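Open the model in your viewer and keep the selection panel at hand. The tour goes stop by stop.

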Amino acid sequence: MRLSTAEISQTSISAILDQQSQLNHTQQQLSTGRRIVTPADDPAGAAQALNLQAAIDTNTQLQKNGDAATARLNLEQSTLTQVQNVVQRVRTLTIEANNGTQTNESRSSIASELSQSLKSLLSLGNTRDSNGEYIFAGSQTTTQPFTQTPTNTFVYAGDSAQRFLQIDSSRQVATNDPGSSVFMQITNGNGTFIATPAAANTGSGIIDPGSVTNSSAYTGDTYSIQFTAANTYDVMDTTTGTTVLSNQTYQSDSSISFAGIQTSISGTPATGDTFTVAPSGRQSVFQTVQNIVDTLNTPTSSVASNTKLHNSINQQLSALDQALGNIINKQAGVGSRLTAISSQQSLQQDWGTQLKSAQSKIQDVDYASAISQYQLQLTGLEAAQKTYTQVQGLSLFKYL
Amino acid sequence: MAGADILGIGTSALLSYQQALQTTSNNISNANTDGYSRQRVDFSTQPGDLAGSYYLGSGVQVDGVQRIFSQFVNAQVTDATATNSRYQTYSQYAEQVDNLLADQTAGLQPALQSFFNSVQGVANDPSSISARQDLISQGNTLVGRFNTLYQQIDNISGRLNGQIGNDVSNINSLASQIAKLNTQIVSANNSNVVGQPNDLLDKRDALVNKLAQYVSVKTVSQSDGSINVMVGTGQALVVGADVTKLGTANLSGDPNQLDLVFKTQAGDVPVSNIVTGGSLGGLLEARDQVVVQAKNALGRLAIGIGQEFNAQQAKGIDLTGSQGGDFFNVPMPTTVQNSYPSENNASSSGVATYSISDVGKLTTNDYRLSYDGTNWSLKVAGSGQTVTMTPVTGSPGSYTADGLTINVPTTASAGDSFSIEPTRYAARDITMAATDPREIAAAAPVVGTATQTNTGTGTISDMQTLDPTNANLRDQVTITMTSATTFDVVDNTTGATLATGQAFNSSGTTVSFNGWQTTIGGNAASGDTFVIAPTGSGDNGNALQLAALQQKTFLQGGTASLGDTYSQLVADVGTKTQAAQTDAKTHQSLLNQATSMQQSISGVNLDEEAANLLKYQQAYQASAKVISTANSLFQTLINAVS
């Protein structure tokens with residue numbers, strides 16, 4: 001084909017310019033480390049990289065949520081451990097105070113130590129986190145949840161809300177337990193029923209907290225064990241007004257069983273003494289400790305008042321055990337949530353690594369191929385430049 | 001006699017080769033002139049002399065100087081120029097928008113992500129002022145990013161509109177020059193000249209090629225040597241010596257959307273939709289397919305997040321204990337009264353108004369609402385596709401279409417029309433409404449809990465706010481199981497019994513009173529209670545719902561989330577850009593091929609000219625020798641006679 005001189009020159013220049021721009025693109029890829037220098041290089045890839053970036057950021061945020069949840073749960077866990085220690089100490093002291101060798105004075109000194117424990121418990125219940133929020137107040141985090149009234153009752157001012165944090169796109173985890181469920185609504189007695197001696201008892205009968213031996217026979221009614229003579233007793237169902245057992249022979253420490261309930265009475269009850277077995281009520285751990293303090297501060301002077309002391313302490317000890325069990329349950333709950341978060345986080349870390357590697361595959365340059373391409377393009381440019389000067393040197397006019 | 005003839009032949013050759021050498025020199029000197037077609041001298045023999053019974057040749061003569069060119073190949077170059085210029089321009093503008101949207105740091109996606117991360121931050125720590133402050137400032141960043149992106153796209157469309165104006169004036173000036181050359185060529189042809197005015201023709205061809213850079217043109221040659229130049233579907237730009245000028249006008253009523261018109265004697269004729277090719281065609285396409293689409297898509301996102309976030313915000317309780325107020329100011333759409341010249345709306349026609357009633361159905365289209373005297377119709381601007389308008393029962397003059405509720409004016413007259421651009425300016429106009437960190441409604445109004453003393457294992461879950469304005473929303477309500485299968489509901493705050501003997505289903509029963517809705521289920525025992533109570537400042541129920549908006553698919557008919565919708569925009573613009581770049585490359589090489597074919601016919605090759613120079617020089621020298629021979633023949637004769 002016939003070529004025009006201007007065309008020959010133009011073609012060579014275009015080739016050089018083209019090579020230069022390709023070389024520049026490869027050079028940019030190498031210097032930025034990115035295959036996609038501008039989105040138009042690979043629009044689908046760029047959009048995908050953008051989506052992956054969003055997924056990576058979301059993943060990071062979910063891990064941060066996990067960290068926040070862990071921090072809150074760790075604080076609750078350590079607070080609960082301290083509560084457990086205090087309650088344990090209260091229990092030890094109470095058992096000690098229940099010992100028959102204690103005097104009014106020694107009991108009252110134990111009571112003053114227990115008062116201090118009560119204060120610690122209250123302050124643990126009113127624990128605040130680093131933001132000054134009460135951790136056991138439900139959603140009323142700016143209101144102090146637990147207060148002691150002048151009449152020594154205990155009031156909960158929080159609510160029963162739980163704060164959930166998003167630790168996965170479809171999974172939320174509770175990061176607190178409302179104080180009502182930790183400290184307040186604890187069943188007294190043995191958790192099902194409570195055995196109480198009548199205040200007017202004159203004998204030395206001490207009733208055991210007892211247990212449910214046959215839950216299908218247990219009705220939830222209130223029963224009364226009435227001593228018709230020093231060694232004879234009747235059992236009445238006061239809810240229905242019927243007699244369950246009558247004229248039973250009493251023997252100290254031997255079991256008394258009726259309606260799925262088993263208990264025992266020790267000591268010597270007097271004629272006319274009664275013991276009530278009623279379904280458990282709710283009592284706060286603070287109230288339990290306060291009751292112990294009150295009991296220990298009441299001096300004893302007679303068999304009857306001594307018996308009353310031991311009966312009362314036995315009852316509060318059962319309540320303490322319930323409280324302890326409740327706290328251990330809560331601790332187990334917190335622990336399982338912490339484990340769940342930690343396994344979720346390690347999953348997320350793996351997922352994050354996968355996302356990053358997927359993103360890298362899409363947007364990062366493959367150095368080996370980019371460098372070889374760079375070499376190739378460099379050679380091409382050099383060749384184009386060299387041939388340009390040679391071709392331009394060719395002219396018939398040179399020979400004229 | 002013979003001597004004189006030889007002298008004559010020699011002279012004719014001498015003169016002819018002189019002209020040939022002149023033409024060759026002209027070719028050499030114009031080797032690098034754009035649009036120059038090489039010229040060639042056509043020789044022919046002079047009519048022979050009758051010498052008795054035979055003819056004797058009497059020398060050479062120049063018939064004419066021709067430019068070597070092909071009409072067909074030239075037309076190919078013109079076409080390729082227009083197409084190439086169109087794609088180069090289109091890809092250049094699409095690339096700008098693409099780089100803006102898909103930037104990993106400056107696009108919308110990172111701002112959206114940071115914003116929702118901050119919402120999570122508030123959910124993690126709802127009563128922390130610093131977490132709330134962070135959300136407010138991330139909200140400002142997001143709104144700022146919308147505004148900036150709009151502004152930058154608007155700058156692109158500003159440059160685009162500016163270039164449309166430039167192109168139009170360049171086209172007009174080129175058309176005038178072509179018309180002037182037409183006049184000169186016609187007068188050169190008229191004056192009994194055999195040859196063509198080669199340089200004028202070259203010049204005119206070059207101007208047509210230049211014109212093709214701006215707009216696709218067709219030329220039709222006339223018998224008098226002039227050409228007519230058409231654009232679009234045959235609209236005449238140049239007819240002989242007459243030029244119809246192109247102009248810009250604001251026909252849609254939107255000042256940012258210039259239209260092209262032909263300024264004819266009868267008035268402006270709109271040609272935006274029929275002018276194609278060249279940089280002007282590329283500009284119009286880039287504007288309609290990329291720039292406007294990007295603005296509308298961003299606008300839809302701004303309206304989407306604004307309305308949805310505000311709605312969820314209203315369902316929560318802020319730190320001061322009141323119902324959540326607006327977080328964003330979502331811009332109200334405006335109607336532009338159409339100023340289309342041939343159907344000017346009467347001044348008494350009033351204005352159609354509309355509002356966005358369902359953000360999920362919103363599209364990125366612009367619309368034209370028109371009235372024919374009896375019926376209203378709605379069409380998508382550009383494609384002209386009809387959109388069904390559903391009348392709103394009970395309110396005459398109201399229609400719903402594509403997520404919009406349109407109220408037409410009652411005073412309209414036939415021929416009125418209105419431009420509706422629901423999403424166009426939303427990204428520009430969205431602003432922050434909340435300034436005080438306490439205004440963020442992180443808490444749900446109420447929380448439901450199963451009472452701990454319950455003997456059954458019934459659960460209460462999935463508390464939602466249905467009517468945030470209900471006066472009793474935050475009342476304390478107790479749900480009491482009256483048996484294992486029935487329950488009563490009592491509002492403890494007002495003391496009112498809301499329901500009795502409701503059926504309970506252990507697999508989940510929806511309970512809805514006082515503007516909230518929750519689900520109770522599980523094995524609830526008789527006497528168990530569930531309490532719905534107002535929350536405190538530490539609650540994050542609504543913040544979790546706000547955070548969930550990031551993944552919620554509420555756009556495009558409930559099929560796409562905010563992020564999906566933005567990715568679609570990026571992918572869409574990216575795909576268009578890539579296609580345009582590929583087209584630009586293809587058409588560049590097609591143009592190169594056409595140019596090289598044209599050059600192979602018309603271009604000057606210096607080696608060829610060097611050879612011609614030698615050839616004609618030798619012929620000239622030989623002719624001179626003929627004269628000298630004739631002279632010596634004559635001398636010989638004189639000497640013999642004398």
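This is a predicted model: local features need pLDDT of at least 70, side-chain atom pairs count only at pLDDT 80 or more; totals for chains, interfaces and linings use all residues.

Buried residues account for 34% of the 400 residues in chain A.

Now show chain A as a cartoon. Seven helices and 15 strands make up its secondary structure. The radius of gyration of chain A is 41 Å, well over the 21 Å from the globule rule for 400 residues, so the chain is more spread out than a compact globule. Turn to the principal axes: the C-alpha atoms of chain A fill a box of roughly 150 × 45 × 30 Å.

Next, bring in chain B. Here 47 residues of chain A are in contact with 50 residues of chain B. On the chain A side, select α1 (5-32), α2 (43-97), β3 (164-168) and α4 (179-184), the elements that each give two or more residues. Which element gives the largest share of that side? It is α2(A), with twelve residues. Colour the chain A side by residue type: 19 are nonpolar, 21 polar and seven charged.

Move to chain B alone. Select the open sheet of five strands, with the order β23-β30-β25-β26-β27 and antiparallel pairing. At its edges lie β23 (446-450) and β27 (497-503) of chain B, each pairing on one side only. Neighbouring strands in this sheet are turned by 15° against each other on average, direction ignored.

Last stop: zoom in on β25 (477-481) and β30 (529-534) of chain B. Four bridges join these antiparallel strands. Pick Thr480(B); its bridge partner in β30(B) is Thr529(B).

Notes
Residues are numbered from 1 along each chain as its sequence is written. Chains are lettered from A and ligands numbered from 1 in the order in which they are written. Two residues are in contact if their C-beta atoms, placed from the backbone, lie within 7 Å. Ala, Val, Leu, Ile, Met, Phe, Trp, Tyr, Cys and Pro count as nonpolar, Asp, Glu, Lys and Arg as charged, and the others, Gly among them, as polar. Two strands pair if DSSP finds at least two bridges between them. Axes are lines fitted to C-alpha atoms, for helices over the stretch in contact, and angles run from 0 to 180 degrees between N-to-C directions. The radius of gyration is taken over C-alpha atoms; the globule rule is 2.2 Å times the number of residues to the power 0.38. A residue is buried if 20 or more other C-beta atoms lie within 10 Å of its own, exposed if 12 or fewer, and partly exposed in between; C-beta atoms are placed from the backbone.
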